[in-house]
Amino acid sequence: MSTVDVGSAGASSVGAGPEGASPRGANSVGAGPVRVPDDAWALLADWLPGDDDPDRPQITLSTVDADGGPDARTVLLSSFDRDGFVFHTDAASRKVAQLEARPQAAITVLWPGFTRQIVVRGVASRADAPAIARAYRARSPYLQQLAWLNSHDFAGLPLEERRARWAAFEREHAHGFEQPAGWTGFVVRPTRLTFWTSAPDTASRRREWSLGPDGWTHSYRAG
């Protein structure tokens, strides 16, 4: 039987987002975005590497296409806080078009050996320009260059030509890469967080926090 605990995860978890704004598509109760409740945040902070860790986690980002079908791909989690989960990508990509049309999204993080999993369901909105710029500066030189050359036209070239163009671009920008105009970011603000942990000596289970009209509720679910 699932247990439900609104308690501290209810009204006390309602807070204003950055600069007190409520971005388009924010998951809101009342006037502003609803932040991750304390107990769920404690798990996130324990399980995920801090934003200052250069080894960023790979996540599966799921979106809805124009026909209402599911789509998914692997991206890097740039950062996370109590307001949401941030990733960055090419503004001309298919995922961006899908999120602009239907901002509902899901993020899945799976640990090696299938010992832990986090699934975040939420609503995506564009990150602000200063945050996007900071994230680009924090990228490795390889990922900065990738933001310039990772196009459909480039992908269609033979391997040797791609290698040659990559090396030539690197030589031409020996002092670093400025942020390309088409590089953007999104914040996925959670409406549901599900944490799964393996249990080899008993049945596994999930802990889940769901956002409703009155705030967050917590339950245990079968693994």
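Residues are numbered from 1 along each chain as its sequence is written. Local features need pLDDT of at least 70 and side-chain atom pairs count only at pLDDT 80 or more, while totals for chains, interfaces and linings use all residues; side-chain values use heavy atoms, with hydrogens and water left out.

The protein chain comes out with a mean pLDDT (the predictor's confidence in each residue, from 0 to 100) of 86, and 85% of its residues reach 70 or more. Residues 1-31 sit below 50, though this stretch still has 60 contacts (heavy atoms within 4.5 Å) beyond near neighbours in sequence. Where pLDDT is low, the predicted coordinates should not be read in detail.

On to the inside of the fold. Buried here means under 20% relative accessible area, exposed over 50% and partly exposed in between, with a 1.4 Å probe and protein chains only. Beyond its neighbours within four places in sequence, Ile118 touches Leu44, Trp47 and Phe195, among others.

Strand β6 is mostly covered, with 6 of its 7 residues buried. A hairpin through 2 residues links β5 to β6, and the two run antiparallel with 3 bridges between them (strands pair if DSSP finds at least two bridges between them). Within that pairing, Ser79 has Val86 as its bridge partner. β6 also pairs with β9, again antiparallel, over 6 bridges, and Asp90 stands opposite Trp183 there.

As for charges, the model holds 9 salt bridges (a side-chain nitrogen of Lys or Arg within 4 Å of a carboxyl oxygen of Asp or Glu). One of them joins Asp38 and Arg82 at 2.6 Å, N to O. Asp38 belongs to helix α1 and Arg82 to the loop between β5 and β6, so the pair ties together parts 44 residues apart in sequence. Asp38 itself is partly exposed, at 44% relative accessibility. Asp71 and Arg73 form another, with closest N and O atoms 3.5 Å apart; Asp71 is buried at 18%, as is Arg73 at 17%. Together with Arg94, these two residues are linked in a network of salt bridges.

Key. Helix = DSSP H or I, 4+ residues; strand = E, 2+ residues; numbered from the N terminus.
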